[in-house]
Amino acid sequence: MSDPYLPGSGSTDFRVTHYDLEIDYRVGSNRLAGRAVLSATAAATLGRIALDLAGLSVRRVTVDGRSARFTHRAGKLRVIPAKPVRGGFVVEVRYGGNPHPVRGRWGDIGWDELTDGALVASQPVGAPSWFPCNDRVSDKAAYRIAVTAEAPYTVRATGVLTARRRSAGTRTWVFERPEPTATYLVGVQIGRYEELPLGPGQTAFVPPRLRRTATRDLGRHAAMMTTLTGFFGPYPFADHQVVVADDDLDVPIEAQGMSVFGANHVDGRRTHERLVLHELAHQWFGNSLTVADWSHIWLNEGFATYAEWLWSEASGGRSVAAHATQWHATIAPLRGAFVLADPGLDNLFDQRVYKRGALTLHALRLRVGDTAFFALVRDWAIRHRHGSVTTGQFTALAAEHAGADLTDLFTAWLHRPALPPLPR
């Protein structure tokens, strides 16, 4: 099924299993030249293949090695293969131009030109700003990403760095991400960065001028990783990268195996440490476990917010109960139609998705007890590792762990607009 919130994004006619992306980018001119090879499969015979690509020019398309006709307008690349496809097929697209974000109700999303570099922030519809894709949140694929940029710049991208090559004035960086990954979670970050070790398998890339403050603000990252693995089970990826851009950003960004912050998020006082924890928690909830469609977004944001509260208590800060009491009082007076299990497109990033989502988990914890709750959360993260999830799957698993009917609790917290009282 197509995403009810974004029916114009992506196609249900086929699934992509692997993207091979080769990007050549010049920072000064904001010029990108790309080659994308998509390995896909279709259950039925297709005479047309629709991909998402916005703001860039397409030079050539082949399907299974044969030239294909295509049209490209309004963000859709429609391909007519020389011969209809069924089962496995391969699409290659040669394209380029000056990438820019996709503009919409959430502002500018996607490839973003920085003062001296570039970054990608694609949630929820920005991926087509820099590569042709099937931009549907449930269509998760493996990736190989090769990025060439001028030699002074460091490139970080979704995946583990597997190769780095030098040529006259440029460097090429190659990353592999074998785990199934949603298009919006594929990131590229380009800047003048230095490496800052954070812990086993954890590295930050920061502008030299921010190294001291970033060292302080990211100093407990390894402890965060230990704490979250204790609650949620093994970290889902081979490593974790943290990138601090040299520009200010409105909000932090999570990508698969990566967290991205602005210069304004590091100040040497750990003012924004909760955001560091929040983005790390998304590696389990949002990235490894990706929502089947955007109506289930509370499963991403509620868990990441509750993880903030767990870390606060575990690290000697305010208790989970104190956070729950504060946020219940904060969101209780808010008016306007809002249902957590189906917040609607306009409320996709409403603070109630985050805070009421976390409160729902806390109410569940108080109902079933700590032993059953944390066993449930760990089972949820491990059982659906690298998969797509729904609210119904979570509530069913919760009832299984509780050994009881939880319909009344979930109806009140997830499906009715009124905010229930916080259990005592």
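1. Among contacts in the protein chain between residues at least 6 apart in sequence, 68% join residues at least 24 apart; contact here means heavy atoms within 4.5 Å. The model is predicted: local features need pLDDT of at least 70 and side-chain atom pairs count only at pLDDT 80 or more, while totals for chains, interfaces and linings use all residues. Residues are numbered from 1 along each chain as its sequence is written, and side-chain values use heavy atoms, with hydrogens and water left out.

2. The protein chain has 9 helices and 23 strands. These are DSSP runs numbered from the N terminus, with helices being H or I of at least four residues and strands E of at least two.

3. A compact globule of 424 residues would have a radius of gyration near 22 Å, and the protein chain agrees with this, at 22 Å. The radius is taken over C-alpha atoms, and the globule rule is 2.2 Å times the number of residues to the power 0.38. Along the principal axes, the C-alpha atoms fill a box of roughly 65 × 55 × 35 Å. Of the 424 residues, 58% count as buried (under 20% relative accessible area, with a 1.4 Å probe and protein chains only).

4. Helix 6 (residues 351-368) packs against helix 9 (residues 407-415) at an angle of about 165°, and their axes are 10 Å apart. That makes helix 6 roughly antiparallel to helix 9, a term for angles over 145 degrees. Axes are lines fitted to C-alpha atoms, for helices over the stretch in contact, and angles run from 0 to 180 degrees between N-to-C directions.

5. In this pair, Arg356, Leu359, Thr360, Ala363, Leu364 and Arg367 of helix 6 meet Asp408, Leu409, Phe410, Ala412, Trp413 and Leu414 of helix 9. By class, the contact of helix 6 with helix 9 has 8 nonpolar, 1 polar and 3 charged residues. Ala, Val, Leu, Ile, Met, Phe, Trp, Tyr, Cys and Pro count as nonpolar, Asp, Glu, Lys and Arg as charged, and the others, Gly among them, as polar.

6. Some backbone values deserve a check. Most residues other than glycine have a negative phi, and most peptide bonds are trans. Asn30, not a glycine, has a positive phi of about 50°. Asn30 is found in the loop between strand 1 (15-26) and strand 2 (31-46), and is buried, with a relative accessible area of 7%. For His386, phi is also positive, near 65°; His386 is found in the loop between helix 7 (370-383) and strand 23 (388-389).

7. Gln123 and Pro124 are joined by a cis peptide bond, with omega about -5°. Pro124 is found in the loop between strand 11 (117-121) and strand 12 (141-150).

Note on methods. Angles under 35 degrees count as roughly parallel, over 145 as roughly antiparallel, 65 to 115 as roughly perpendicular and the rest as oblique. Buried means under 20% relative accessible area, exposed over 50%, partly exposed in between (1.4 Å probe, protein chains only).
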